[in-house]
Amino acid sequence: MPRVRLLLCFAASRDSSTLTHRQGTRLLELVNLSRRFGETLAVTEVSVTVGDGEMIGIIGRSGAGKSTLLRLINRLIEPTEGRILCDGIDVTGLRGRPLRAWRARTAMIFQQFNLVNRLDVLTNVMCGRLYHMPAHRVLLKWFTPAERALAIRALDRLGLAEVAMNRADALSGGQQQRVAIARALVQQPGILLADEPIASLDPLNARLVMDALADINRRDGITVLTNLHTLDAARTYCRRIIGMAAGRIVFDGAPEALTETVLRDIYGSAGQEALDERIAATSLPAAALAAWAS
Ligand code: ADP
């Protein structure tokens, strides 16, 4: 496929007014995907197909490979083996601009929010446009009125317009995660990858964040893949659940099919203790944004 067509394909706008949601059609295909870190097989021969507009919860014990899987999809890390196809196009070998376009299309949300603390909320949200901006505007930190308006609309949608000018670190954890979601929204992604988005939040804020993700999935047709440390959240919000254990997919189906036997396959014999476990914080690639903001 010519390079220009590839770029256009990945950079396609997905805001609600130009929605090309094709629920049910194949969007993403992971083919025998593996990632090894030294002796550790973090992800092993994962093959799975994701339909456009799905909201999928990925569950499993700490160390099961959930975070690595999302980072592989976003190309934050490279696979040792296997391929990732999107709309039939192999994205595994992308470099340069097409890779930037792919990362723009696959927005990530992290457990620790990844905001630039000393910047105001609005600027943090506008940072979601960085992938789409030419280098000179990134260097000058020059956002257009249209980008500002997009960010304000996203904040308003998440109930945060009033704190737009506050410093990011003045907000509660739940508010910060919703700012991170607003930032992901202005990226206008086709796929939203959320890595333990509610693991650091109290139950009320966890619900607000999951409601926001579900709303984005439903209304904008954005495909959501989210790692979740509680079974409850996965059952409540996701019609499809993928269970991982030791880097492999050991379950892929509806929440109703999560029997005790299946849960033992996913969480092992540690039972309730394993189901309740808290997963360690993910390593956050915030350095680039922080450097940009200094
Ligand atoms: P989960 O998200 O399910 O907790 P991870 O994907 O974070 O699991 O980790 C899967 C395995 O890969 C773990 O054994 C973890 O220690 C290892 N791992 C993940 N990232 C790295 C890394 N950057 N370097 C070395 N080992 C890693």
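**Strands and sheets**

Reply: Happy to. In strand β2, V46 is the bridge partner of L33. This is a predicted model, where local features need pLDDT of at least 70, side-chain atom pairs count only at pLDDT 80 or more, and totals for chains, interfaces and linings use all residues. Residues are numbered from 1 along each chain as its sequence is written.

Me: What makes β1 and β2 a pair?

Reply: Two strands pair if DSSP finds at least two bridges between them. Strand β1 (residues 26-37) and β2 share eight bridges in the antiparallel sense, so they pass that cut-off of at least two. Strands themselves are DSSP runs of E with at least two residues, helices are runs of H or I with at least four, and both are numbered from the N terminus. The chain has twelve helices and ten strands.

Me: Why do β2 and β5 stand at the edges?

Reply: The order in this open sheet of four strands is β2-β1-β4-β5, with antiparallel pairing. β2 and β5 each have a single partner strand, so one side of each lacks a neighbour in the sheet.

Me: Which strands does β3 join, and in which sense, parallel or antiparallel?

Reply: β3 runs parallel to β8 (residues 223-227), with four bridges, and parallel to β9 (residues 240-245), also with four bridges. I58 has N227 in β8 as its bridge partner, while I56 has R240 in β9.

Me: Why is β3 called largely enclosed?

Reply: A residue is buried if 20 or more other C-beta atoms lie within 10 Å of its own, exposed if 12 or fewer, and partly exposed in between, with C-beta atoms placed from the backbone. Five of the five residues of β3 (residues 55-59) are buried, so the strand is largely enclosed by the rest of the structure. M55, G57 and I59 are on one side, and I56 and I58 are on the other.

Me: How do you know that E45 is partly exposed?

Reply: E45, in strand β2, has 15 C-beta neighbours inside 10 Å, so it counts as partly exposed. E45 also has a positive phi of about 45°, although it is not a glycine. Most residues other than glycine have a negative phi.

Me: What makes D87 partly exposed?

Reply: D87 has 16 other C-beta atoms within 10 Å, so it is partly exposed. D87 lies in the loop between β4 (81-86) and β5 (89-90), and its phi is positive too, at about 50°.

Me: How much confidence does the predictor have in the chain?

Reply: pLDDT is the predictor's confidence in each residue, from 0 to 100. The chain has a mean pLDDT of 85, and 83% of its residues reach 70 or more. Over residues 276-294, however, the pLDDT is below 50. Residues 1-22 also stay under 50, and the model has 33 contacts for them beyond four places in sequence. Two residues are in contact if their C-beta atoms, placed from the backbone, lie within 7 Å.
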